[in-house]
Amino acid sequence: MLSFPKGFVWGAATAAYQIEGAPAEDGKGPSIWDTFTHRPGVIADGTNGDVACDHYHRWPEDVALMRALNLDAYRFSIAWTRIQPNGRGPANPAGLDFYSRLVDALLEAGITPYVTLYHWDLPQALEDEGGWLRRGIVDDYQVYADLVTRALGDRVKHWATFNEPWVFTWSGYALGEDAPGLKLGARGALAATHHALLAHGITLPLIRANVSDAVAGIVLDLNHVEPASDHPEDVAAARRWDGCQNRWYLDPLFKCHYPEDMLKLYGSAAPDVLPGDLDQICAPLDFLGVNFYRRSVVAAGTDLPPIDMQRHSPAGEYTEMGWEVSPNGLYDILKGVSDSYHPQAMYVTENGAAFADVVTPDGAVHDERRAHYLRKHFAQARQALSDGVPLKGYFVWSLLDNFEWACGFEKRFGVIYTDYATQRRIIKDSGHYLAQMAAS
Ligand code: FCB
């Protein structure tokens, strides 16, 4: 058994839209994901998150399962439209109560809540005014964050402003694969990114004002990038992809500027930056959360203009998502980011794998491959820790199988199996393995 230092945090993660269901209950308003999933043809299996894991009604059972997994911590997100159904105005007490009860139950179970304020489910009413493309969204986000941190800040100390700004801005505003489904190219993604980063930076001091002993940060999806060959064109493409996905976020957050090479590449697609914006964006972080799923092996190509890249799939093991199993990539990204940016503390805020699970006649789910995947990644995290990375904890994605965005329910990431027909949960073998790690 791998051994981690005392105090190392073991957890599992989820996101509101992926598990809660109850899209219009207790005054909740529609988010862009409620709207998007009801458009024909956008979700692979034609499903939506209207019921999902029915966590809105089954959360006591889910907290009991977390306890059975011996988790120290649980990372979840707040649905903005439960708090402000139309994105503005006073808090809806029923929405706040739901999260308040959840937080109380977690604390009672000895599980520390790690809250993400924004995991992609923007109020539709705000999207109708331009969503993340509109600079004024920064003010709306701040008001929302203020309401939530005031209400829960006496009990919740760990806060992340955003989950994966690359994904919701590029997939949502440039490529149209995620909500709100706009295909505006790099210009759209970069404007949305700038406003999200600004909202992040402006909100950090507010969180600290509302929450005593706050631990506040942001969660990024980071990929260790390698060129597909030594050919200078592939090396340059790899550098561009690293600039697009990693450095475009890390540089402003830690070094108060966007990367020069990328500014040049983006040219007129670069965002409008006002004086003072970058100083606000690089407000000190208490932690950086890293979501890691795979490394990127990249050649020159025509994808994602002006990045002009092509992903390569080297021989190896792949998950159901078509993502390469590349545990060394986790070490490389943790060590690389720690050496270049010196965050005070880091967490793996998501890591996990989709595999095709089957319930065997004995009623169990023997997901050896997932357990093996986790073991290999935990080992790399342990090595990073030994090599000086300030890694404080590890959250597995995901606590339970759930609505995997544009893939619908076909891809199962849970360490707990969800039988969607009956909402029965079954702890998978990977969950038992996680429970052992957490207990030790
Ligand atoms: C990440 C998301 C998370 C989940 C995993 C598989 O990009 O943050 O919600 O969908 O991918």
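**Note on the predicted structure: cysteines, helices and salt bridges**

1. Cys-244 is buried, its relative accessible area being 1%. The model discussed here is a predicted one. For Cys-244, the closest cysteine sulfur is that of Cys-407, at 20 Å, which is too far for a bond. Cys-407, in turn, takes part in no disulfide: the nearest cysteine sulfur to it belongs to Cys-53 and is 15 Å away. With a relative accessible area of 22%, Cys-407 is partly exposed, whereas Cys-244 is buried.

2. Which cysteines are joined by a disulfide? The structure holds one disulfide, and Cys-256 and Cys-282 form it, with their sulfur atoms 2.0 Å apart. The cut-off applied to a pair of cysteine sulfur atoms is 2.5 Å. The torsion about the S-S bond of Cys-256 and Cys-282 is about 85°, so the disulfide is right-handed. Cys-256 belongs to the loop between helix H10 (232-255) and helix H11 (260-266), and Cys-282 to the loop between helix H12 (277-281) and strand S7 (287-291); the pair therefore ties together parts that are 26 residues apart in sequence.

3. Cys-256 counts as partly exposed, at 32% relative accessibility. Cys-282, by contrast, has a relative accessible area of 15% and is buried. Buried here means under 20% relative accessible area, so the value of 15% places Cys-282 in that class.

4. Gly-172 deserves a separate comment. This glycine is found in helix H8 (residues 165-174) and is buried, with a relative accessible area of 0%. Leaving aside neighbours within four places in sequence, Gly-172 is in contact with Val-167, Asp-178, Ala-179, Pro-180, Gly-181 and Leu-182. Its C-alpha atom is separated by 9.0 Å from that of Gly-188, a residue 16 places away along the chain.

5. Helix H9 (residues 185-210) has 26 residues. From its first C-alpha to its last, H9 reaches 37 Å, close to the 38 Å expected at 1.5 Å a residue. Where does H9 kink? A kink of about 30° lies at Thr-203, shortly before the proline Pro-205. Of the 26 residues of H9, 19 are buried, so the helix is largely enclosed by the rest of the structure.

6. The structure holds 29 salt bridges. One of them pairs Arg-425 with Asp-62, the closest N and O atoms being 2.9 Å apart. This pair links distant parts of the chain, since Arg-425 is in strand S13 (residues 424-427) and Asp-62 in helix H3 (residues 55-68), 363 residues apart. Arg-425 counts as buried at 9% relative accessibility, and Asp-62 is buried with a relative accessible area of 1%.

7. A further salt bridge joins the side chains of Asp-261 and Arg-247, at 2.9 Å from N to O. Here the pair links helix H11, which holds Asp-261, with helix H10, which holds Arg-247; the residues are 14 apart. Asp-261 is partly exposed, with a relative accessible area of 33%, while Arg-247 is buried, at 8%. The loop between H10 and H11 is also the one that contains Cys-256.

8. Arg-370 and Asp-357 form a salt bridge in which the closest N and O atoms are 3.1 Å apart. Arg-370 is in helix H14 (residues 368-386) and Asp-357 in the loop between strand S10 (346-350) and H14, 13 residues apart. Are these two residues buried or exposed? Both Arg-370 and Asp-357 are buried. They also belong to a network of salt bridges that links them with Asp-367, Asp-401, Arg-412 and Lys-428.

9. As to the overall architecture, the chain has 15 helices and 13 strands. Its C-alpha atoms fill a box of roughly 55 × 50 × 45 Å, taken along the principal axes. For 440 residues, a compact globule would have a radius of gyration near 22 Å, and the 20 Å of the chain agrees with this. Of the 440 residues, 61% count as buried. Among contacts between residues at least 6 apart in sequence, 76% join residues at least 24 apart.

Definitions and conventions: Residues numbered from 1 in each chain as written. Predicted model: local features only at pLDDT ≥ 70, side-chain atom pairs only at ≥ 80, totals over all residues. Heavy atoms only, no water. Helix = DSSP H or I, 4+ residues; strand = E, 2+ residues; numbered from the N terminus. Buried < 20%, exposed > 50% of the residue type's maximum accessible area, 1.4 Å probe, protein only. Contact = heavy atoms within 4.5 Å. Expected span 1.5 Å × (residues − 1). Bend = angle between axes of the 7 residues up to and from the residue. Salt bridge = Lys/Arg side-chain N within 4 Å of Asp/Glu carboxyl O. Rg over C-alpha atoms; globule rule 2.2 N^0.38 Å.
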